[in-house]
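Keep the 3D view open and follow along.

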Amino acid sequence: MPDRSCGYQFSWFTFRVRGRDDDPVGTPRRALLISGVAAATATLAGCWTPGGSGADPGAMSSAHPLSAVLSGTLALVARYDATVAAQPGLAGRLAPLRAEHWTHVTALDAAMGRAVPSGPPDPAASTPGPADARAALAALRTAERSAQADAVTACLAGPAGYAALLGSIAACRATHLEVLT
Amino acid sequence: MAVLAGEHAAIYGYGVIGAHLTGALLIQGRQAEGTHRNRRDALLEALSAAGTTPPAADPVYALPFPVTDQASAIRLARQIEERTGALWRAVLPAGSVDQRRAALDGLTDSALRAARWRRAAGQQPGTVALPGG
């Protein structure tokens, strides 16, 4: 959402475009208009630069070492929700695992010091579950395996301060693989 | 050092546990003991390579509760894995990448075994959100 100064500049630009054509000053005024357009465009470009003053304060900073794992965890939660929606018979089995992934989200939010905690992801954001329960479990296994590898990598490569949390997340995902048979 | 002491205690504990298990659970206990022996040996190697003289294992370890039957054996096995996992988790931030990888292997393995012992006790799915924490 642009800040107020961007909007003001934009209105000024619009006002200038709507200037009268029958102005007796002629060319110099048109030159002024063109330079005004250029200035306004530059201002608009500045306002819309990612990470600039118009950035959403609740959005994830892509620079944080934990943001990739947080995204991956939210994707896992969405996938579990989509699976349960498509296969209600699996709800009892999958609920405890989904709850553990949500605990990871909360822990990651806390470790990142995020002022606005992550909300439950939209299950529609995940690809729709396969048609039968066996395929759905296989798809979840694949997702957990991949996420487990991501957590291992993050644990080994990341700052020491996050190693214990990431290690526990990786270990938890490994235990899920033995349950999703 | 604390992790080594934990592995010594785990090996002792599994010796007691094995006496009260049969069949598939006994095999599970023996595999767990074997893994703990391997980790103890790796730790001993790493410590002597670093020039440290590691303390010997105690001949007897005080168990947190008496083990008299299969149920208490399973409960002790689960506790052993949870405590070992906590010790490995505590050293994750320290050391080189190789040391961190070894610690993560230790934590992951103990988490898997703890979950298996919980399922053996009838808990489903037997997982916890943050193993070792």
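**Starting from one leucine**

Leave aside residues up to four places away in sequence, and A:Leu97 touches A:Tyr80, A:His176, A:Val179, A:Leu180, B:Pro125 and B:Thr127. Bear in mind that this is a predicted model. A:Leu97 is found in helix α4 of chain A. Is A:Leu97 buried or exposed? A:Leu97 counts as buried, because its relative accessibility is 0%, and the cut-off for buried is under 20%. Among its contacts are B:Pro125 and B:Thr127, which belong to chain B.

B:Pro125 deserves a look of its own. B:Gln124 and B:Pro125 are joined by a cis peptide bond, with omega about -5°. In chain B, B:Pro125 lies in the segment after α4 (97-120).

Now step back to chain A as a whole. Its secondary structure consists of six helices and zero strands. Along the sequence the pattern reads α-α-α-α-α-α. The chain has 181 residues, and 35% of them count as buried. Its accessible surface is about 9800 Å², with 64% belonging to carbon and sulfur atoms. Take the contacts in chain A with a separation of 6 or more: 75% of them link residues 24 or more positions apart.

A:Arg173 is 76 residues away along the chain, yet the two C-alpha atoms are separated by 9.0 Å. Both residues take part where α4(A) meets α6(A).

How do the axes of helix α4 and helix α6 of chain A cross? Helix α4 covers residues 91-112 and helix α6 covers residues 163-179; their axes come within 11 Å and cross at roughly 170°. The angle is over 145 degrees, so α4(A) is roughly antiparallel to α6(A). From α4(A), the residues in the contact are A:Arg93, A:Leu97, A:Glu100, A:His101, A:His104, A:Ala107, A:Leu108 and A:Ala111. From α6(A) come A:Leu165, A:Ile169, A:Cys172, A:Arg173, A:His176 and A:Val179. By class, this contact of α4(A) with α6(A) has eight nonpolar, three polar and three charged residues.

A second pair comes next. Helix α3 (residues 67-86) and helix α5 (residues 133-157) of chain A pack with their axes 11 Å apart, at an angle of about 170°. Therefore α3(A) is roughly antiparallel to α5(A). On the α3(A) side, the contact uses A:Val69, A:Leu76, A:Arg79, A:Tyr80 and A:Thr83. On the α5(A) side it uses A:Ala136, A:Ala139, A:Leu140, A:Ala143, A:Glu144, A:Ala147 and A:Ala154. The contact of α3(A) with α5(A) divides into nine nonpolar, one polar and two charged residues. A:Tyr80, on the α3(A) side, is also one of the residues that A:Leu97 touches.

Last, the cysteines. A disulfide is a covalent bond between the sulfur atoms of two cysteines. How many disulfides does a search of the whole structure find? Over all chains, the search finds zero. A:Cys155 is in no disulfide, and its nearest cysteine sulfur belongs to A:Cys172, 14 Å away. A:Cys155 is buried, with a relative accessible area of 0%. A:Cys172 also counts as buried, at 0% relative accessibility.

Terms used: Residues numbered from 1 in each chain as written. Chains lettered and ligands numbered in written order. Predicted model: local features only at pLDDT ≥ 70, side-chain atom pairs only at ≥ 80, totals over all residues. Heavy atoms only, no water. Helix = DSSP H or I, 4+ residues; strand = E, 2+ residues; numbered from the N terminus. Buried < 20%, exposed > 50% of the residue type's maximum accessible area, 1.4 Å probe, protein only. Contact = heavy atoms within 4.5 Å. Areas by Shrake-Rupley, 256 points an atom, 1.4 Å probe, with all protein chains shown as cover. Axes fitted to C-alpha atoms, helices over the stretch in contact; angles between N-to-C directions. Parallel < 35°, antiparallel > 145°, perpendicular 65-115°, else oblique. Nonpolar A, V, L, I, M, F, W, Y, C, P; charged D, E, K, R; others polar. Disulfide = S-S within 2.5 Å.
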